[in-house]
Amino acid sequence: MNETIDIRGARLHNLKNISLSIPKNKLVVLTGLSGSGKSTLGFDILNREGMRQYMESLGMVTDGLTRPQGMTITGLSPSISVDQHLTNHSPRSTVGTSTEVFTYLRVLFARVGHRPCPKCGKDVPPPTFEFAEDELPDEADESQTVNPEDTFPCPHCGAPVPEMGMANFSFNKPAGACPTCTGLGVVRQVVVSRMLDESKSIAENGITFWDEFHINYYTKILENASLYFGLDMDVNQPLNQLTEPARDLILYGTNSPKFLKHFPGVKPPRTNAQGNFEGIVTNMLRRYDEHADNEAYRQKLEPYFASQVCPDCGGTRLRPESRAVTVAGRTIIDISQLPLNELDAWLKSLPTGFSTQETLIGGPIINDLDDRIHRLLEVGVGYLTLERSSPTLSAGEAQRLRLASLLGSGLTGVLYVLDEPTIGLHQRDTQSLIRVLRRLRDLGNTVLVIEHDLEMMHAADYLIDIGPGAGKYGGEVVACGTPEEVMRNPASLTGKYLSGERSVPMPEKRRAYNRRELLINNARQFNLRNVTVSIPLRMLVAVTGVSGSGKSSLIFDILDKALRQRLNGANEQPGKHDRIDGMDQVDKVITIDQEHIGRIPRSNAATYSDAFTAIREAFAATDEARKRKFSPRHFSFNVPGGRCERCEGSGTLTVKMHFMPDVEVRCPTCHGRRFTRETLAVKFNGYDISQVLDMTVEEALQVFKQVPAAASRLQVMSDVGLGYLQLGQPATTLSGGEAQRVKLAKELGRKSTGRTLYLLDEPTTGLHPDDTGRLLAVLQRLVDAGNSVIVVEHNLDLVRAADWVIDMGPEGGDAGGRVIAEGTPEQVALVKESYTGQYLAKMLK
């Protein structure tokens, strides 16, 4: 039996014909500078080939997973990958539904839940008939809903009480979902104040989105309606002076109950000539619903809408009768709002209060719940609640939830490939994650982790350092072996950081607190406990703390949204707080998160950062381009002019393969070069536009150093650690960390006002310690220019380099939500209650 995975001649992307043997059944960490080729080796080669070989062995079509050309891989196991891409964007998905914990809770409440009798109001225990073993949660059994006509008698008054099943506790099924919001917990409502200028009449454009044609057309219909109903309404009267029936006519129309209540017994008009008017609110809602598949159309209507908590269920998503059922005095809503660690404690307390019958029925369900929740606590997400919406999870949180499900599978002989599982995890919880990975390994699996965290590297059985540089300067195996062996290898940059020979540079002097500040008063969004905190301006501020302690709620849900509302008139409401003092000291806010920058392959780092605009202008200014009367448009692959029209500038053609996945082939007209021969004949410093797109940022910087507009943007991309990126690399292939740094480069390329506030979410994601030093230099430059930078960050190298630290905690979830320590890193290091302080104290020695 093979004890190693053997790779020979790997040369995909920037990998340079590497050969490597990876020991099986070990915890293997793959590291190196950002862009060195780690993900290519881990995901594009090992993971894809592991899947392909396994599927091929089962006689399955391998769905576009082609055999790697020119390389051999032996000893591979079936592979499972856990990457940074969120797979569930549905607002109906929650932590509870995705982990199946809520599924088991639904069974528990259906089987042992108490509820009030609909007639006498007294407590009705669950019916005592027995349930079959196969009624425990199983996706196949979801269709077995209880017939609403099935009842049992109330033990107190004998009135029929409807039976309840699992479906009655699901907000994704009609039997359980709140009918008003259909189980979403929020409703989209028209904000009337955004549609009207109350001080004006209809004739004076009081209905803001009506143009002259609509004013004339609808005024006639409204006059007809006034005559039909005998309404005293003057269209030249200011809207705020109209009677209530006249306002209801304009807003809700002649067929709406809100208007017809003023005229009981009167049948509404049928035609426009009679006065049939839809109402501007009714019309807006209809158009919004009719265009559910047209995102662009809905976007135009968006300014007139706002999401509001459902008035009937209060955001809980369920029907009233489902919300009334209790187990040990608590409803399923109460339980969904508990952090997982508190839910665990509640479940353990249940058996003591159960009757014999309830123990018999509920015992197996509680045991299954215990197992699932224990795995979630092991991977460090004990602060999450079951009601937390899946799309709001960070990449690291989503990855750790997936890891918990893998723990429960009990599979052996598998290759697990994980992409930076420590993202968003406080240093305190890294050891717990390492224990989980070792458990996966001890089951007889190979665990391959792509990681930059030094603690994770120290814990590896085998460490592979890819480099020595990034992009075309990487793609080689610099060092491999135990962490100690890599540390002794003089060629390994990673080894130098592991041994402590090198570290992320610290500022020689920290900026002093200058009394310019933003003061957030009584922040109480989610788990924040009436937090009042000062955030210094014109400084580099790190907001840190254990996962789930309230950092993002404070900075992104409250501060960011409040500033956007004040500065940009944004629609989104900020989180709960009293007020923020000092906002007049900021005239621009720039938020840089890890959302992907493009969903189409035509978007790339060069186009997004505006560097490509300056490059095209440089080509258009050459003598050859002028002679041919070419404009910058001719050097764009996105519009007709100079691009190859056979492939429309993509360089490839899609071949439909019927039952197999589509295949991309090189365009036979332009041979993958995207442009016409005439366009490619124009050279800048000896290079055509296609060759420029194949260059890395660093290479292009040398070619365009005499073009200030291009050089400045390329230089910033290099400064944030993206010098290895190819200019033409599709945005869809960038990692979350790379996408964030492209956004940062775009903002840095613009002129700063000196009063700009930059908010960054985990900017060190995907960065090697050496790249973190470069990013820090860029952030310090921003502050030196008079701007303010706030980073929400767990990376202690960045926290240690900040001027000011705000540490949230002490735990996640309901046990968090407080400011534990604030001050310089040295001051925070003295606070014993602060986990961050404890680690900083060791680092600052």
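Colleague: Which residues of H1 are buried?
Modeller: This is a predicted model, in which local features need pLDDT of at least 70 and side-chain atom pairs count only at pLDDT 80 or more, while totals for chains, interfaces and linings use all residues. Residues are numbered from 1 along each chain as its sequence is written, and side-chain values use heavy atoms, leaving out hydrogens and water. Taking buried as under 20% relative accessible area, exposed as over 50% and partly exposed as in between (1.4 Å probe, protein chains only), the buried residues of H1 are Lys38, Thr40, Leu41, Gly42, Phe43, Ile45, Leu46, Asn47, Glu49, Gly50, Arg52 and Met55.

Colleague: How many Å apart are the end C-alpha atoms of helix H1?
Modeller: Helices are DSSP runs of H or I with at least four residues, numbered from the N terminus, and the expected span is 1.5 Å times one less than the number of residues. The 20 residues of H1 (residues 38-57) should therefore span 28 Å, and this agrees with the separation of the end C-alpha atoms, which is 27 Å.

Colleague: Which residue makes a side-chain polar contact with the side chain of Gln780?
Modeller: Gln780 lies in helix H27 (residues 769-784), and it counts as buried because its relative accessibility is 14%. Beyond residues up to four places away in sequence, it touches Pro507, Arg511, Leu540 and Ala801, where contact means heavy atoms within 4.5 Å. A polar contact is a pair of N or O atoms within 3.5 Å, and within protein one must be able to donate a hydrogen and the other to accept it, with residues adjacent in sequence counting only if both atoms are side-chain atoms. For the side chain of Gln780, the partner, at 2.8 Å, is the side chain of Arg511.

Colleague: Is Asn685 buried or exposed?
Modeller: Asn685 lies in the loop between helix H22 (677-680) and helix H23 (689-693), and its side chain reaches the backbone oxygen of Val703 at 2.8 Å. Since its relative accessible area is 55%, Asn685 is exposed.

Colleague: How many contacts does the stretch of residues 130-141 have in the model, beyond near neighbours in sequence?
Modeller: The protein averages a pLDDT of 91, with 95% of the residues scoring at least 70, pLDDT being the predictor's confidence in each residue, from 0 to 100. Over residues 130-141, however, the pLDDT is below 50. Where pLDDT is low, the predicted coordinates should not be read in detail.

Terms used
Helices (H or I, at least four residues) and strands (E, at least two) are DSSP runs, numbered from the N terminus.
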